[in-house]
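Please examine the structure below with attention to its surface patches and its strand pairing.

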Amino acid sequence: LTLTLTLMQALIELRENNEIVIKPADTGSSIVIMDRQQYLFEAHRQLNKIEHYTKLDELIYKDTQKEIGDILAELKTSGYILEKQVEYLTGPQPRARKFYMLPKIHKNPDTWTVPGKISPGRSTACDHSSESCKLSEYIDLINWLSNTPAKSNTIL
């Protein structure tokens, strides 16, 4: 894809505009440009639902990282995993998860959070580089392998 200089400048302006949020839509391949205040309104509405979210006084990922490390050390000591696996599953220095939403623009606008103005969002917590990211990938792989029939002469 080759972009003209004018189009590239326009995209840079959009990306640097702090008054808007640009996200992919929840379904389909649309890109949604929302007013930042409307996006934050929907985020706060969702995060204030105490049946779904609990406000923490402090970040817990470092405590969770220690718990995961203790479990991995016990698995290594018991001979279930190797040191290389512990190193991989521990991963780099973790960071806290990031909350974001994907706008549900496919919903009837009359049913939106603010009808016709603020669409609901599908809340998501980005887990990349979190303390459990590598462990989750490993568990997914084990689950996939245990549910995938192996053909003869397959080398894993």
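A surface patch is made of residues with over 30% relative accessible area and no salt bridge, and nonpolar side chains are joined within 5 Å. The model considered here is predicted.

Q: Is Met8 buried, partly exposed or exposed?
A: Met8 lies in helix H1 and belongs to the nonpolar patch. Buried means under 20% relative accessible area and exposed means over 50%. Because its relative accessibility is 42%, Met8 counts as partly exposed.

Q: Which residue in E2 is the bridge partner of Lys23?
A: Strand E1 (residues 20-24) and strand E2 (residues 31-35) run antiparallel and are joined by five bridges. They form a hairpin with six residues between them, and Gly28 in the turn has a positive phi of about 85°. Within E2, the partner of Lys23 is Val32.

Q: What is the relative accessibility of Asp57?
A: Asp57 forms a negative surface patch with Glu58, Asp63 and Glu67. Its place is the loop between helix H2 (36-47) and helix H3 (61-77). Asp57 counts as exposed because its relative accessibility is 84%.

Q: How far apart in space are Thr64 and Ser130, C-alpha to C-alpha?
A: Thr64 is placed in helix H3 and counts as partly exposed, at 22% relative accessibility. Thr64 and Ser130 are 66 residues apart in sequence. Their C-alpha to C-alpha distance in space is 9.9 Å.

Definitions and conventions:
Residues numbered from 1 in each chain as written. Predicted model: local features only at pLDDT ≥ 70, side-chain atom pairs only at ≥ 80, totals over all residues. Heavy atoms only, no water. Patch = residues over 30% accessible without salt bridge, like charges linked within 9 Å, V, L, I, M, F, W, Y side chains within 5 Å. Areas by Shrake-Rupley, 256 points an atom, 1.4 Å probe, with all protein chains shown as cover. Salt bridge = Lys/Arg side-chain N within 4 Å of Asp/Glu carboxyl O. Lys, Arg positive; Asp, Glu negative; His and termini not counted. Charge placed at Lys NZ, Arg CZ, Asp CG, Glu CD. Helix = DSSP H or I, 4+ residues; strand = E, 2+ residues; numbered from the N terminus. Buried < 20%, exposed > 50% of the residue type's maximum accessible area, 1.4 Å probe, protein only. Pairing = 2+ DSSP bridges.
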